[in-house]
Amino acid sequence: MDNIYLLMIVALAILAVADLVVGVSNDAVNFLNSAIGSKAISFRTIMIVASLGIAAGAIFSSGMMEVARKGIFNPGEFYFDEIMFIFMAVMITDILLLDFFNTLGMPTSTTVSIVFELLGAAVAMALIKIVADNGSFTDIVNYINTDKATQIIFGILLSVVVAFSIGALVQWISRLLLSNQYEKKAKWVGALFGGFALSAITYFILMKGIKGTAFSGNSYGLIEGLTITDFLEVHWLGIAGANFLIWSLLSYILMNFFKVNIYKLIIGAGTFALALAFAGNDLVNFIGVPIAAWQSYEAWMASGTAATEFSMEILAAKVPTPTLLLFIAGMVMVLTLWFSSKAKNVVKTSIDLSSQEATKERFQPNFLSRGFVRLAISIAEISTYILPESWQARIDKQFEKPVITLSKNRVHELPAFDMVRAAVNLMVAGILISIATSYKLPLSTTYVTFMVAMGTSLADRAWGAESAVYRVAGVLNVVGGWFGTAIIAFIASGTILAIISFGKGAAIGVLLFAAILLLSRSYISHNKKNKEMRAEDSLNKAESSSIQGVIIESAKNISNVLKRTNKIYTNSINGLAKQDLDLLKKNKKQGEKLSNEIDDLRDHIFYFIKNLDENSVGASNFYINTLGYLTDISQSLDYISKVSLKHVNNNHKKLKYNQIKELKQIDVKLEEVLNQTQSAFTNQSFEEIGIVLNQKQELFDMVSDKIQTQIARTRNEESSPKNTTLYFSLLLETKDMMTATMNLLQQYHDEHDSSVAPATIEQPKDE
């Protein structure tokens with residue numbers, strides 16, 4: 001039986017490494033989004049700075065490991081075997097929960113997840129003990145640190161509101177003072193801003209970064225014999241004031257004599273500070289439980305007592321964590337930061353929601369987001385009546401976005417927001433976390449950094465009429481996910497603990513195997529999605545500024561659409577013929593994917609037109625018409641795939657043999673035409689399009705004949721209304737799809753003839 005606990009220690013060590021990977025993937029957003037979003041420094045430099053911060057924070061994080069041992073439950077109330085079951089349940093739940101959020105690309109709090117997992121598992125174990133001893137449910141307060149749980153829940157609510165509000169206020173004041181033309185402001189203005197920001201970040205490093213270290217409780221002969229932490233808390237005003245004066249002077253010298261961009265320095269320092277604090281304080285969320293389990297195992301082995309009788313009161317004592325383990329954990333975190341694609345997805349969510357520029361909106365508006373936006377508009381309208389017009393004009397001028405001129409096709413190089421907002425994000429997050437630490441308030445760095453970024457976005461007018469409902473919906477989704485984290489973590493951890501408690505070793509083996517399967521499935525699914533996003537047949541936005549360039553660029557998209565049209569249409573007919581539900585379901589997804597990609601191209605029309613040369617505005621009509629025809633094709637395909645799936649899914653009568661035969665005849669002819677057309681566009685041999693257009697009437701006549709045949713069949717022999725409806729729907733949508741395809745070909749045929757040496761073209765424009 002003793003061997004099972006050794007195996008559990010090994011399993012927990014492996015789970016710790018896995019938890020580090022999924023945890024860093026989630027929490028990278030805390031310290032990377034401001035630097036990456038502002039593009040103030042190169043990505044490589046950002047990663048190096050963040051890596052140094054993580055490495056330093058991890059090595060000095062020993063003191064924070066106490067949370068896993070005694071922060072949530074009273075260890076003296078549990079025996080060794082019970083504690084091991086609690087720790088195993090927590091780690092299995094934590095990995096699966098964090099990986100789930102990472103796969104969605106949603107940032108969540110590792111602090112809240114680990115705390116509520118510990119709480120859920122401890123509550124479940126306490127209830128099992130109470131029931132076994134025929135005790136009262138009120139005895140649960142003896143096992144659980146209820147005050148801590150209440151503080152954390154209060155901290156969640158408070159941090160969301162306070163971080164958003166303070167972030168918005170500081171950004172509004174900063175923009176009012178610095179404007180969007182902050183580079184042109186007097187040097188002393190930038191120096192004061194730099195002094196304030198850097199002093200806040202420095203104090204944050206001292207307060208939050210050092211607090212978790214092993215030497216934070218030493219005095220080193222400080223005034224009044226205070227410990228380092230107490231000294232920082234008592235004399236914070238003097239330390240902050242001295243920092244402000246020193247950094248302001250240094251900022252002025254750097255800006256004037258060394259031409260240093262002080263905003264880049266702030267962003268670099270802030271990124272290092274948040275990375276250090278993340279590793280120094282959040283490392284407990286990933287390895288605190290396995291280390292506590294290992295220390296429990298050592299104490300139990302030394303005691304010689306049975307596992308079911310050895311009290312874990314020893315966990316209440318302060319035990320230092322070996323520096324080597326912290327170093328190894330830090331290296332795993334750094335490697336994950338560099339190589340995790342899921343980390344990039346989570347960072348992208350935060351940056352997209354705070355972007356000053358238009359982005360592809362990931363979230364759909366809901367009634368709450370629409371309500372909040374309407375409320376904000378009403379408040380803004382009221383303020384116009386209160387403030388004098390001259391004040392409003394001055395304020396609006398400070399918020400005017402500068403016109404940034406980039407060479408064509410480089411819109412993607414624009415930062416999501418400027419360096420002032422990035423600096424405010426880092427500065428405000430640092431100040432709020434420092435204040436919370438000094439007052440010993442439980443606070444999630446994820447909540448603070450994310451909500452500060454959202455508040456500064458709102459104040460900076462990044463959420464305009466075009467994007468507000470989507471961005472607010474995104475924020476509500478993320479915040480809702482946070483509260484969901486606590487509930488899911490509590491229930492899932494408690495459930496897994498109950499399974500382990502009753503199933504012992506066998507249950508642990510099954511749960512570990514299930515966790516491995518789920519993680520593997522998530523990894524494969526994530527890679528598959530990444531490959532789909534990079535797929536060769538995905539559609540590309542037009543970037544040319546001349547009509548000839550648009551013709552050539554669009555040809556690639558047309559070729560892709562025709563190839564996918566051919567496949568989707570054929571699969572619909574084959575799925576109906578074979579009553580293949582799986583094929584029809586996959587086919588429907590392919591139709592929706594094509595439709596969404598064409599919608600993205602339509603959303604890009606504004607930027608395409610803005611990018612056109614003065615002499616090539618005519619290209620806009622060509623491009624708009626092309627997208628219109630592509631939309632018609634995709635809508636017909638989408639409808640055909642949906643009605644085919646619906647018919648089979650509802651177990652309606654199978655289409656008759658003659659109906660399937662006629663549809664296959666159309667499919668074969670359509671495939672021949674589409675393959676020929678695709679070849680013309682792939683090879684950019686637009687003269688071949690005329691040959692295809694000559695077959696237009698033959699295609700239409702074929703479909704019309706089938707419609708007439710079905711009318712006669714319906715009058716004389718057809719007995720299924722559902723079959724008749726489906727068949728006519730397929731034929732009519734096929735005809736609409738053909739019409740859109742032929743119109744598209746006619747446009748290319750005509751436009752290509754007129755744009756390339758029309759005097760030498762002998763082929764007539766009409767078929």
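**Exercise 1.** How many residues does the largest nonpolar core have, and which residues have the most contacts inside it?

*Solution.* Before you start, note that this is a predicted model, where local features need pLDDT of at least 70 and side-chain atom pairs count only at pLDDT 80 or more, while totals for chains, interfaces and linings use all residues. Residues are numbered from 1 along each chain as its sequence is written, and side-chain values use heavy atoms, with hydrogens and water left out.

Step 1: A nonpolar core is a set of buried Ala, Val, Leu, Ile, Met, Phe, Trp, Tyr and Cys residues joined through side-chain atoms within 4.5 Å. Buried means under 20% relative accessible area, exposed over 50%, and partly exposed in between (1.4 Å probe, protein chains only).

Step 2: read off the answer. The largest core has 144 residues, and F31, F87 and M88 have the most contacts inside it. Helix α11 (residues 262–303) gives the most to this core, with 20 residues. Helices here are DSSP runs (H or I, at least four residues), numbered from the N terminus.

Step 3: zoom in on F31. Setting aside residues up to four places away in sequence, F31 touches A50, I54, T271, L274, A275, F278 and L337, a contact being heavy atoms within 4.5 Å.

Step 4: look elsewhere. A second, separate core has 50 residues, including I666, F681, M702 and L745.

**Exercise 2.** Find the salt bridge of R175: which residue is its partner in the 2.7 Å pair, N to O?

*Solution.* Step 1: apply the rule, a side-chain nitrogen of Lys or Arg within 4 Å of a carboxyl oxygen of Asp or Glu. The count comes to 13 salt bridges.

Step 1: name the partner. R175 meets D460, at 2.7 Å from N to O.

Step 2: check the surroundings. Both R175 and D460 are buried.

**Exercise 3.** Now compare two other bridges: where do R564 and E597 lie, and where do E592 and K588 lie?

*Solution.* Step 1: take R564 and E597, whose side chains meet at 3.2 Å, N to O. R564 is in helix α19 (residues 547–578) and E597 in helix α20 (residues 581–603), 33 residues apart. Both R564 and E597 are buried.

Step 1: take E592 and K588, with their closest N and O atoms 2.7 Å apart. Both lie in helix α20, four residues apart, about one turn of the helix. E592 counts as partly exposed because its relative accessibility is 29%, and K588 is partly exposed at 23%.

Step 2: spot the network. Salt bridges that share partners join R175, D418, R421 and D460.

**Exercise 4.** What kind of aromatic pair do Y5 and W300 form?

*Solution.* Step 1: recall the rule. Rings of Phe, Tyr and Trp (its six-membered ring) pair if their centres lie within 6.5 Å; planes under 30 degrees apart are stacked, over 60 edge-to-face, the rest tilted. The count is nine aromatic pairs.

Step 1: classify. Y5 and W300 are edge-to-face, 5.4 Å centre to centre with 70 degrees between the planes. Y5 lies in helix α1 (residues 2–38) and W300 in helix α11, so the pair ties together parts 295 residues apart in sequence.

Step 2: widen the view. Y5 and W300 are both buried, and one aromatic cluster is formed by Y5, F80, Y297 and W300.
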